[in-house]
Amino acid sequence: MVKSMTGYGRAQGSFSGGDILVEIKSVNNRYLDCGVKLPRIYGFAEEAVKAAVQKSISRGKVDVFITISSAGAENVKISLNAPVVEGYLAALKQIAADYGVRDDISVSSLSRFPDVFLVEKQEEDEQEVREAILAVVGEALEAFDAMRTREGNALRRDLTEKSDQILDLVSKVEARNPETVAAYRERLTNKMQEVLGNTAIDEARILQEAAIYADKVAVDEETVRLRSHVDQMRSMLSEGGVMGRKLDFLMQEMNREANTIGSKCSDVAEARTVVDIKALLEKLREQIQNIE
């Protein structure tokens, strides 16, 4: 199974202390880079979330966003901060006495001062919360993985189609290469006849020159290796698994063979075919960057 490095997954859940929303997004990256964002008071669950992600994902820049909303007022206790209230009252009365202003202190006005109330959240079981978060993370990872698999299958089909096109073009190069040698031999013979006129042409010399030229422009070794690399890529795509880095290396080898073939081509038609091969290889390289 081929998987893309880009994906998105979302899941919701709840526990006794509130509701949980998990969103997972990823983009291409050479290695696994996982970032987790969740409320600070639940920071104790961060490492467990990262560990869960690492079990499912091998490569990519992955961002996990976790939102936890309170279940309601039943988990919150609000009490009066008496010492602070008394301090405010005393200060306000002192202002009224010292500056002769009207004493209009009310409950409404006093409640607006900072720290008048104490808000205490009910103690939560960290283990329970951690397990609840991980359960929702697991569901989000399943959705995330399903999307990556769908995209991976599309990538596999596209890479397979392009590899078929490359093999067809390689066949054209292989068919054209001997014709290039034959054309060179004909040009050489015509040139020697033009120069020597009626003088007998040394057929052995022509054969020797043609053999040297054939060896110089022969691309059979390169095309065999290029075919082998393409077959290896197709085999890897069929087997599935984590293969992105291996495919990166394989692409380097395919480009090397294509460049060598191009450097040996002196025939215009053959050179154009090699350009088409290189263009397809570049498209392969771009797509492979998306594979885990």
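This is a predicted model: local features need pLDDT of at least 70, side-chain atom pairs count only at pLDDT 80 or more; totals for chains, interfaces and linings use all residues.
Residues are numbered from 1 along each chain as its sequence is written, and side-chain values use heavy atoms, with hydrogens and water left out. The topics below are the packing of helices H7 and H8 and the salt bridges.

**Packing of H7 and H8**

- Helix H7 (residues 244–264) packs with helix H8 (residues 268–288) at an angle of about 170°, and their axes lie 10 Å apart, where axes are lines fitted to C-alpha atoms, for helices over the stretch in contact, and angles run from 0 to 180 degrees between N-to-C directions.
- That angle makes H7 roughly antiparallel to H8, a term for angles over 145 degrees, while those under 35 count as roughly parallel, 65 to 115 as roughly perpendicular and the rest as oblique.
- The contact (heavy atoms within 4.5 Å) involves residues of H7 including Leu-247, Met-251, Met-254 and Ile-261, and residues of H8 including Val-274, Ile-277, Leu-281 and Arg-285.
- The residues of this contact divide into 10 nonpolar, four polar and three charged, with Ala, Val, Leu, Ile, Met, Phe, Trp, Tyr, Cys and Pro counted as nonpolar, Asp, Glu, Lys and Arg as charged, and the others, Gly among them, as polar.

**Salt bridges within helices**

- The count comes to 13 salt bridges, each being a side-chain nitrogen of Lys or Arg within 4 Å of a carboxyl oxygen of Asp or Glu.
- In helix H1 (residues 46–56), Glu-46 and Lys-50 lie four residues apart, about one turn of the helix, and their side chains meet in a salt bridge at 3.5 Å, N to O.
- Glu-46 is partly exposed at 24% relative accessibility, a class that lies between buried (under 20% relative accessible area) and exposed (over 50%), using a 1.4 Å probe and protein chains only.
- In helix H8, Glu-282 and Arg-285 are three residues apart, about one helical turn, and form a salt bridge at 2.8 Å, N to O; Glu-282 is partly exposed at 34%, as is Arg-285 at 32%.

**Other salt bridges**

- Arg-102 pairs with Asp-104 in a salt bridge whose closest N and O atoms are 3.9 Å apart; Arg-102 is exposed at 67% relative accessible area, whereas Asp-104 is partly exposed at 48%.
- A network of salt bridges links Lys-3, Asp-145, Arg-148 and Glu-292.

Methods
Helices (H or I, at least four residues) and strands (E, at least two) are DSSP runs, numbered from the N terminus.
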